[in-house]
Amino acid sequence: MSDFPAVRGQLLRGESLAPFTWFRVGGPADALFLPADTDDLAQFLAALPNDVPVLPIGVGSNLIVRDGGVPGVTIRLAGRQFAQIEPLDGARIKAGAGVLDSMVAKGAAKAGIAGLEFYAGIPGTIGGALTMNAGCYGRETKDVLVEATVMTRTSEIVVIPASEFGFTYRHNALPDGLIFLNATYQGAPDDPAAITARMGEITSKREASQPIREKTGGSTFKNPVDANGEKLSAWKLNDEAGMRGYRRGGAQVSELHANFLINTGEATAADIEGLGEDVRAAVKAKHGIELEWEIKRTGRP
Ligand SMILES: Cc1cc2nc3c(=O)[nH]c(=O)nc-3n(C[C@H](O)[C@H](O)[C@H](O)COP(=O)(O)OP(=O)(O)OC[C@H]3O[C@@H](n4cnc5c(N)ncnc54)[C@H](O)[C@@H]3O)c2cc1C
């Protein structure tokens, strides 16, 4: 489409999405829209023809954007209105979908709200956390979410209670095409210093066990469940299949954590996705298990 609706935020044509992802790979967005606020987003979507695809992204910490780029409009909620954090009565906290999880954890700690410490170690935004049911160390988004506000593709604003998300492991069952605007969480009152100390433990554990300073997308595959219903670790399966450190082009399976893929510098998205498929094939051959991608892959090859 050559003409997009007028906006108050930024609408960038052919902008490379690589800098917008943790892997630092990927082609351009046909259009990248950074709405100024909710009204700007609503007016844009209302005027955008229905057949133009829309992809909301956060900070791309769970995303491989393919080398051919993304058709339609990619939307990133970077405006100030999407970055608010507001403690509420009753140990609740509300956060914009563009806020980093770690900032919400800090905001909650400061306000004496316990329960969101696990967000300190997840590098994504609230929009990504709601999509992925993000979690770690035994807690997930579903354990603390009260409700979220979304905008539909036709620009209606709807509040969805947590009970309607159909959350499962790293997944929600909502229809495609919703854009999260904000979320409200329920915590429990506690001493800010104690909460901050627990957050510190989480971040130190993570630094020791994950390549968090690399160009990566976090856990590549979901942890599978075997025929007896027992939970397995994807990193262990990858390791046992001999894939730790394995390379394809500029992509490598992390030496530190065998379920993380890394862009060592010059990787393409095809290198990274291909390496992921190499790992899946090796695990299938060794264990007979089909690993399922946790990382979202999007765009044209
Ligand atoms: C070093 C590292 C460590 C990680 N550790 C963990 C961990 O411990 N636990 C964990 O769960 N994850 C982890 N991850 C993965 C990742 O951080 C999470 O999945 C995170 O929730 C993704 O958020 P994001 O903002 O980066 O989303 P993106 O990667 O940008 O997008 C992910 C998905 O969310 C959708 N999305 C994003 N924003 C919106 C929105 N506003 N509305 C609708 N849809 C939206 C996108 O369309 C896409 O489908 C890790 C990643 C890295 C790089």
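This is a predicted model: local features need pLDDT of at least 70, side-chain atom pairs count only at pLDDT 80 or more; totals for chains, interfaces and linings use all residues.

Me: OK, how many residues does H6 have, and what's its reach?

Reply: Helix H6 covers residues 269-287, so 19 residues, with helices (H or I, at least four residues) and strands (E, at least two) taken as DSSP runs numbered from the N terminus. From first C-alpha to last it reaches 27 Å, close to the 27 Å expected at 1.5 Å a residue; that expected span is 1.5 Å times one less than the number of residues.

Me: Which of its residues are buried?

Reply: In H6, the buried ones include Ile272, Leu275, Val279 and Val283, and also Asp271, Glu273 and Asp278. Buried is under 20% relative accessible area, exposed over 50%, partly exposed in between (1.4 Å probe, protein chains only).

Me: And what covers them?

Reply: Among the elements covering the buried residues of H6 are helix H5 (234-240) and strands S4 (63-65) and S18 (260-263); contact here is heavy atoms within 4.5 Å.

Me: Switching to H2: mostly covered or mostly open?

Reply: Mostly covered, as seven of the ten residues in H2 (101-110) are buried. Val104 and Ala108 are among them, and the cover includes helix H3 (126-132) and helix H4 (192-209). Just after H2, Gly112 has a positive phi of about 70°.

Me: Where does Gly135 sit, and what does it touch?

Reply: Gly135 is in strand S9 (135-136) and is buried at 14% relative accessible area. Not counting residues up to four places away in sequence, Gly135 touches Phe118, Ile122, Glu140 and Arg170.

Me: Last topic: what's the volume of the second largest pocket?

Reply: About 160 Å³. On a 1 Å grid over the protein atoms alone, a pocket is an open set of points with protein on both sides within 12 Å along at least five of seven lines, and lining residues have an atom within 4 Å of a point. Points are joined across faces, edges and corners, and the volume is the space filled by probe spheres set on the points.

Me: Which element gives the most to the lining?

Reply: S7, with three residues.

Conventions
Residues are numbered from 1 along each chain as its sequence is written. Side-chain values use heavy atoms; hydrogens and water are left out. On a 1 Å grid over the protein atoms alone, a cavity is a set of points where a 1.4 Å probe fits but cannot get out, and a pocket is an open set with protein on both sides within 12 Å along at least five of seven lines; lining residues have an atom within 4 Å of a point.
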